[in-house]
Amino acid sequence: MDNNGVAIEFNGLYWHSEAHVGKDHHHMKYSLCKERGIQLIQIWEDEWNRNPELVKHMIARKLGVRERAIGARRTQLTDLSYRDAKDFLDANHIQGGAAGSSYVGLADKKTGELVAVGVFKRRKDGSAELVRYAATATVHGGLKKMISHLPYDRFVTFADHCVSSGALYEETGWIKDGELPPDYRYVVNGERVHKFNYRLKRFREDSELECAESLTERELADLNGIPRIWDAGKTRYIYSKS
């Protein structure tokens, strides 16, 4: 489907696993669409099963359906607990909640309603990674307001090519710093799970998994019938207060 420079594809986990389409398939489609000025939104089967209403809302925003807008000056900064941030993100971010070092919210000064949440994680080099950002309205200047609140000079974040064009970052002063190639997850019980959950140690220690010392991680995954599935890559962005 093409509307206002947007195309939408639904990726079933079985037919879009490595065994059927290979590791570069989703990145190739992203790149071909981008060359033609089209943002390809790739919706995954587990995302739809988990929260179809959230997926529909995200698509509506991409298609330009008007939503409520509020200026950052009309919001109040608030530090959140992990649980409060997770609850908001589970309801409003396609990837759900995430752990971090700082959980920052913006609340409407008039109503007290939480309208945006950002999760930031301190990095070893003293910078901070923006792990999640989600909002229930267009909050003009909201992300910058969060950044100004935090005691870091340099920030990094990653735009997932499956759902993000990077426009939010580019419009708020972030600088493109390179592209990351496609990466894989494993498919377990109808969900994509991070590859770190199935390193060699897991196969060696989990009594429910078959293991042979001579096999690699990938060979052990194949032995246990755990398929790999590749994303479309990411773009890295950097923001510096100075």
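Predicted model: local features only at pLDDT ≥ 70, side-chain atom pairs only at ≥ 80, totals over all residues.
Me: On which side or sides of helix 5 do the buried residues Ala-85, Phe-88 and Leu-89 lie?
Reply: Helix 5 has Ala-85, Phe-88 and Leu-89 among its buried residues. Around the helix axis they cover an arc of only 95 degrees, and therefore they lie on the same side of helix 5.

Me: Is Ser-81 buried, partly exposed or exposed?
Reply: Ser-81 sits in the loop between strand 4 (75-79) and helix 5 (82-92). Buried would need under 20% relative accessible area and exposed over 50%. Because the relative accessible area of Ser-81 is 36%, this residue counts as partly exposed.

Me: Which backbone nitrogen does the side chain of Ser-81 reach?
Reply: A polar contact requires a pair of N or O atoms within 3.5 Å. The side chain of Ser-81 makes its approach at 3.1 Å, and the backbone nitrogen that it reaches is that of Asp-84.

Me: Is Asp-108 buried or exposed?
Reply: Asp-108 belongs to strand 5 (residues 102-108), and leaving aside its neighbours within four places in sequence, Asp-108 is in contact with Arg-68, Ile-70, Arg-74, Glu-113 and Val-115. The cut-off for buried is under 20% relative accessible area. Since the relative accessibility of Asp-108 is 5%, this residue counts as buried.

Me: At what distance does the side chain of Asp-108 reach the backbone nitrogen of Lys-110?
Reply: For a polar contact, the two atoms must be within 3.5 Å. From the side chain of Asp-108 to the backbone nitrogen of Lys-110, the distance is 2.8 Å.

Key:
Residues numbered from 1 in each chain as written. Heavy atoms only, no water. Helix = DSSP H or I, 4+ residues; strand = E, 2+ residues; numbered from the N terminus. Buried < 20%, exposed > 50% of the residue type's maximum accessible area, 1.4 Å probe, protein only. Polar contact = N/O pair within 3.5 Å; in protein donor to acceptor, adjacent residues only side chain to side chain. Contact = heavy atoms within 4.5 Å. Arc of directions from axis to C-beta.
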